[in-house]
Amino acid sequence: MGAYLVRRLFLMAVTLVGMSILIFVLLRLVPGNIADILVDATGNDDPQEKARIVHDLGIDRPLVEQYWQWINGLAHGDLGYAFVSERPAIEEIAPRIPISSKLAGLAIFFAVLLGVPLGVVSAVRQNSGLDYGLRVLSLSGLSLPAFWLGLLVLMASVQWFGTIPIYDADAHGFFTQVKMLALPAIVVGFRSSALIMRLTRSSMLEVLRQDYVRTARSKGASNASVNYDHALRNALLPVVTVIGIEAAFLVGGLIVTETVFNIPGVARFLVEAIRWRDYPIVQNLTMLIAVVVVTMNFLVDMAYMVLDPRIKFGG
Amino acid sequence: MRLTTAIWAAGTAGLLTIASPSFAQKQGGTLNMPLRDNPPSASIHEEATISVVQPFMAVFNNLVVFDPNQKANSPDHIVPDLADSWSWNDDKTKLTFKLHQGVKWHDGKPFTAKDVKCTFDALKGTPDEGTDLMRKDPRKIWYINLKEVTTNGDNEVTFVLGRPQPSFLSMLAAGYSPIYSCHVPSREMRTKPIGTGPFKIAEYKRNESIKLVRNPDYFKKGKPHLDAIEWKIVPNRSTRMLGFVSGQFDMTFDSDISFPMLKDVMSQKKDAICEARPSNVNSNILINRDSPPFNNPEIRRALVDTLDIKAFNEILSQGHNLDGAAMLPPPNGVWGMPADMLATLPGHSTDVEKSRAEGRKIMEKLGYGPDKPLKVKVATRNIAIYRDPAVILIDQLKKVYIEAELEPIDTTVWYTKIQRKDYQLGMNLTGVGVDDPDVNFYENFYSKSLRNYTGYNNPDVDKLIDQQSAETDIAKRKKIVWEIEKKLADDVARPVIGYNVDNTCWSPQVKGVKLQVNSIYNGWRFEDIWLDR
């Protein structure tokens, strides 16, 4: 177990180093840099202005030197200066992380809260009217674009409540924040809940056909005991994997939802930074996402052991 | 006796109300505004977008300003701002301003003539040593005739011009011409600028919000009326509109409501006050005249022969957009040519079928036809307001055997692509900061201008631009301006397909809004706006 953990952590470190190189190189392969964009946006093609900005920001230095400066800074907690806002990148990124984290956390919470029980119900009542209804619901969750769903929710909100949940940075308190973020979180989480629901259903159906389930039934175990004590625990293994992956890849949904609901989170900020080729922001944020994905994968692997004691990681 | 007293009292109150509207104005409150995108910076001089001017103009003052109580910006309606008075010398080459005394920057330091000098020294590209006021200067061309700025003590400043230039005062009155403080470094001017204006920056959170608070030391006594203005950056247009109808915003972003959207707004917010006006932003066609096929003047001519401006306007704005040439047409525009003259220009004919037949004849002579169309690409920014006219253009080009394909370009690389001449045709939008021939012609059509990104170069037109710029007789100047407009149209320099007219809406509680009809870039000082709630 110990050797496995060391090997996993080493692999994580190697993956992250590889990611950092990939992020750094790919970003510089994208056409245009901050100077082009800043100057061209004014419709003024002044090569001198561009050259001065490029020099001031240090993006005319050799790539290796720039990469080393970034990684070295990162190792010392210095994320550099944002090109556009001209403030330390950490000051730009740090306040936005909790906003997106809360939204993502709430979205996953909604997704699991809806997806797992409805998936179980759908499997247990296979081919019933309820099952068909839930399957249509899950299909719609997978096929409705988040921006469209977000706008519909906003329009309904205006129609029924006369207001829309525009983000307020001064809103404090757990319930106030949950109230403010609930609608966007449902919009983000709807797609994930659909996926979780479908996977839970198919996984449950597979497990319910297993011999040990039949044995449990023949021994007189109640339906609830069979479904929840015997079947669900085993059916949850692939679902946990998907929840982990969904949590890591939620950023895609967050970008759209943060834009539609006007939430100043990290995802919208990342898109804005890519638009401006704000290298320090994009590099650090993409690295952060890479760390989240790698960590989530690691945690999912660890969760397997808890869910299925037969699984052992060893040398 | 009692009746006489009552009549006197009512009369006096009435007169006072008329003479001083401030009696009716309420003090206080926060105006909530949406902003359509993240401003690239807060430094007005370094940017060229309404997303910077609209929120930050209230932080600054100019020397002079277009009268905010007049609907049209014109040289006849310029009023004092930081300058109390101004005068020209006899040969109209020296413009001297007497500055208002006792004005302070938001950080408490005194405003002096030196600040005016260092602002304009930086703008003309000769900053004083040790000052670092701006890293970009998109309107350098405005000041090519400015030789030097001299000061006489702390309260007098003189602009020395190379030749007479009556438009110079109009340029100083533009929202794009605030006075900067010499003692504030450029980085701070871009992130948390210091001005003398009615509002100070309390907080600027990128991608989130801008909060301006009342400047209690503002030199115009009794102004501003608002305690604060809060801008929320809302990139999604539908969210902005829903925010307005649900009462979270007091006003829409300028010209944000198109005519199809107006019906929705009015049905959901019945008390909204909406006003349509031209923004002096025109849709125009960029033509790469340096490479085939549009290096051939005959093909350029066939291109304009197919244009049906009325169809563009009907589809894009339900017929509200305005047909004009290089300058905004009258009555909103001060300088544009009259409609009868406009109808004689290529591309503006009322008999579209006849001009299309002529266009087809040209193309047939060059060997093109229905079975052998000329294949081109129409590049445009991948934004609806750019794409929509581009699609209509593609349809109209078919009528003269030009088969075009839409090439949507990411907005961040759009100007780079245009400036590298990596296009054949482009659909573009051009906003004009001041309805003034010097501003428009020097920026967009003068051969030496860095903003003339099509690279149009006609020495005759350059000469005429200089000639009109120096002409002090307005009637004579208008004739030269119309001659330039005609030459540009004949040359197919940058065919204009229409001047946008859109709506701006506000709640009835917002008082004192006066939208200006010939530019969206001026009139955003917010010092006369108040809230009745």
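I count a residue as buried if 20 or more other C-beta atoms lie within 10 Å of its own, and as exposed if 12 or fewer do. I also note that this is a predicted model.

**Entry: helix 7 of chain A**

I looked up the buried residues of helix 7 of chain A and found L134(A), S138(A) and G141(A). Seen down the helix axis, the buried residues fall within an arc of 55°, so they line one face of helix 7 of chain A. On the other side of this helix I found G129(A), Y132(A), G133(A), V136(A) and S143(A), which are exposed. I then asked what covers the buried residues of helix 7 of chain A. The cover includes helix 6 (96-124) and helix 9 (174-208) of chain A. I also checked the length: the 15 residues of helix 7, 129-143, should span 21 Å at 1.5 Å a residue, and the end C-alpha atoms are 21 Å apart, which agrees.

**Entry: helix 8 of chain A**

I repeated the check on helix 8 of chain A, which has 16 residues and reaches 21 Å from its first C-alpha to its last, close to the 22 Å expected at 1.5 Å a residue. Its buried residues are A146(A), L149(A), G150(A) and L154(A). They cover an arc of only 140° around the axis, which puts them on the same side of helix 8 of chain A. W148(A), A156(A) and Q159(A) are exposed on the other side of this helix. The buried residues of helix 8 of chain A pack against helix 9 and helix 12 of chain A, together with helix 6 (237-245) of chain B. After helix 8 of chain A comes G162(A), which has a positive phi, near 70°.

**Entry: chain A as a whole**

I looked up the secondary structure of chain A and found 14 helices and zero strands. The C-alpha atoms of chain A fill a box of roughly 85 × 60 × 35 Å along the principal axes. Of the 315 residues in chain A, 38% are buried. Among contacts in chain A between residues at least 6 apart in sequence, 75% join residues at least 24 apart.

**Entry: the core**

Which residues have the most contacts inside the largest nonpolar core? I found L103(A), I196(A) and I229(B), in a core of 222 residues. Helix 6 of chain A gives the most to this core, with 13 residues. Leaving aside neighbours within four places in sequence, the contacts of L103(A) include L181(A), P184(A), V188(A) and L254(A).

**Entry: where the chains touch**

I found 38 residues of chain A in contact with 33 residues of chain B. On the side of chain A that touches chain B, helix 2 of chain A gives the largest share, five residues. By class, this side of chain A has 17 nonpolar, nine polar and twelve charged residues.

**Entry: N234(A)**

I located N234(A) in helix 11 (residues 223-248) of chain A. Is N234(A) buried, exposed or partly exposed? N234(A) has 17 other C-beta atoms within 10 Å, so I list this residue as partly exposed. N234(A) and M204(A) are 30 residues apart in sequence, and their C-alpha atoms are 8.3 Å apart in space.

**Entry: confidence**

The predictor gives the complex an ipTM of 0.79 and a pTM of 0.86. For chain B I noted a mean pLDDT of 92, with 95% of its residues at 70 or more. Over residues 13-22 of chain B the pLDDT is below 50, and beyond near neighbours in sequence this stretch has four contacts in the model. Where pLDDT is low, the predicted coordinates should not be read in detail.

Note on methods: Residues are numbered from 1 along each chain as its sequence is written. Chains are lettered from A and ligands numbered from 1 in the order in which they are written. This is a predicted model: local features need pLDDT of at least 70, side-chain atom pairs count only at pLDDT 80 or more; totals for chains, interfaces and linings use all residues. Helices (H or I, at least four residues) and strands (E, at least two) are DSSP runs, numbered from the N terminus. The expected span of a helix is 1.5 Å times one less than its number of residues. The arc is that of the directions from the helix axis to the C-beta atoms. Two residues are in contact if their C-beta atoms, placed from the backbone, lie within 7 Å. A nonpolar core is a set of buried Ala, Val, Leu, Ile, Met, Phe, Trp, Tyr and Cys residues joined through C-beta atoms within 7 Å. Ala, Val, Leu, Ile, Met, Phe, Trp, Tyr, Cys and Pro count as nonpolar, Asp, Glu, Lys and Arg as charged, and the others, Gly among them, as polar. pLDDT is the predictor's confidence in each residue, from 0 to 100.
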